[in-house]
Amino acid sequence: MSRLGVGVCLHADLAYLELFRGILEDDADYYEVNPESLWRVERGNLVRNDFHPLFREIQARSRKPFVAHGLAFSVGSHRPQTDAWLERLRDLQSVFRFEWLTEHLGWTQVDGLEATLPLPLPFTDEAVQMVAARMRLLTSVVPFVGFENNVDYFSLGDSALWPDFINRLCAESPCGLLLDLHNLYTQSLNSGEDAAAILDRLDLDRVLEIHVSGGSETNPDWLPSGRVLRLDSHDGPVPEPVWRLLEHALPGCRNLRGVTVERLNGTFDAADVPALREEVLRAKELFPC
């Protein structure tokens with residue numbers, strides 16, 4: 001499989017698309033889209049929304065590849081809407097021909113309860129088999145799939161075993177790994193662990209895509225202890241430790257196809273665009289197409 005190069009997110013937000021237009025058109029090698037942002041609920045059914053034709057126009061005009069990055073398929077638990085979800089993904093795949101599809105590791109729905117963001121999984125055989133089964137469902141839609149390592153703000157097992165759990169998921173699921181380096185940096189910073197040492201324990205041959213992004217710190221008033229935590233908020237520049245992790249990881253990621261520079265819509269203005277472009281160009285120097 002050939003490498004795509006360096007991509008950026010294509011958010012379903014008109015203000016973002018206008019601000020980011022120069023980078024989208026001139027610098028990005030591919031676009032990463034959230035599939036859920038291209039549908040809406042109508043009379044209980046999932047249907048195409050108004051961003052669907054706009055993104056199709058962008059794809060036709062740019063002739064750049066699209067990849068998909070989902071948030072709420074819930075690879076760690078079954079969700080009743082699975083059939084409708086897969087049907088909508090098949091519709092998107094028939095149009096956009098995603099090079100690959102990734103999902104966040106964790107669970108978002110169980111026993112009728114819905115989590116806003118994917119929550120951590122226990123490091124158990126049951127969790128491994130659930131993830132493997134859910135990833136097999138996704139391969140019925142897009143041939144190449146992967147899961148992203150999340151930031152876990154708490155652990156349902158010995159955190160020292162986390163890299164082994166990730167490696168086992170990769171080995172027993174028909175998928176690759178979307179290695180989010182800011183997530184790894186954030187989790188390591190919050191837990192007091194060495195991110196590079198954890199990185200060295202991962203099977204980097206399974207890495208399909210890498211994410212680099214920035215974040216911020218919590219308000220000390222949030223916790224009674226006053227402790228400040230790092231957040232994976234995608235609302236700031238890529239910090240230097242994440243760039244160092246990227247340089248550290250790249251030689252071992254022999255099957256890597258793309259590096260995506262993430263920035264959340266609504267977190268920057270026109271004055272920030274030159275610095276965002278420099279981040280994309282820096283990534284392209286490290287990972288040329």
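Reader: R168, what does it count as: buried, partly exposed or exposed?
Author: This is a predicted model. In it R168 counts as partly exposed, at 30% relative accessibility.

Reader: Which residue does R168 form a salt bridge with?
Author: With D125; the closest N and O atoms are 2.6 Å apart. R168 lies in helix α6 and D125 in helix α5 (residues 125-139), so the pair ties together parts that are 43 residues apart in sequence.

Reader: How many salt bridges in the whole structure?
Author: A search finds 15.

Reader: What does R254 form a salt bridge with?
Author: D205, with the closest N and O atoms 2.6 Å apart. R254 lies in the loop between α9 (240-249) and β14, and D205 in the loop between α8 (195-201) and β11, so this pair ties together parts that are 49 residues apart in sequence.

Reader: And R254, buried or exposed?
Author: R254 counts as exposed, at 64% relative accessibility. D205 counts as partly exposed, at 27%.

Reader: E240, what is its salt-bridge partner?
Author: R282, and the closest N and O atoms are 2.9 Å apart. E240 lies in helix α9 and R282 in helix α10 (residues 273-286), so the pair ties together parts that are 42 residues apart in sequence. E240 is partly exposed, with a relative accessible area of 39%. R282 is partly exposed too, with 28%.

Reader: Which residues are linked with R48 in a network of salt bridges?
Author: R88 and D91.

Reader: Switching to strands. In β14, which residues point which way?
Author: From strand β14 (residues 258-261), G258 and T260 point one way, while V259 and V261 point the other. All of them are buried.

Reader: What does β14 pair with, then?
Author: Strand β1 (residues 5-9) pairs with β14 in the parallel sense over four bridges. Strand β11 (residues 207-212) also pairs with β14 in the parallel sense, over four bridges.

Reader: Which residue in β14 does V6 stand opposite?
Author: V259. For H211, the bridge partner in β14 is T260.

Reader: Now the surface. Which residues make the nonpolar patch?
Author: Y153, F154 and L156 make a nonpolar surface patch of about 300 Å².

Reader: Where is F154 found?
Author: In the loop between β9 (145-148) and α6 (162-172). F154 is partly exposed, with a relative accessible area of 44%. That is over the 30% that residues in a patch need.

Note on methods
Residues numbered from 1 in each chain as written. Predicted model: local features only at pLDDT ≥ 70, side-chain atom pairs only at ≥ 80, totals over all residues. Heavy atoms only, no water. Patch = residues over 30% accessible without salt bridge, like charges linked within 9 Å, V, L, I, M, F, W, Y side chains within 5 Å. Areas by Shrake-Rupley, 256 points an atom, 1.4 Å probe, with all protein chains shown as cover. Salt bridge = Lys/Arg side-chain N within 4 Å of Asp/Glu carboxyl O. Helix = DSSP H or I, 4+ residues; strand = E, 2+ residues; numbered from the N terminus. Buried < 20%, exposed > 50% of the residue type's maximum accessible area, 1.4 Å probe, protein only. Pairing = 2+ DSSP bridges.
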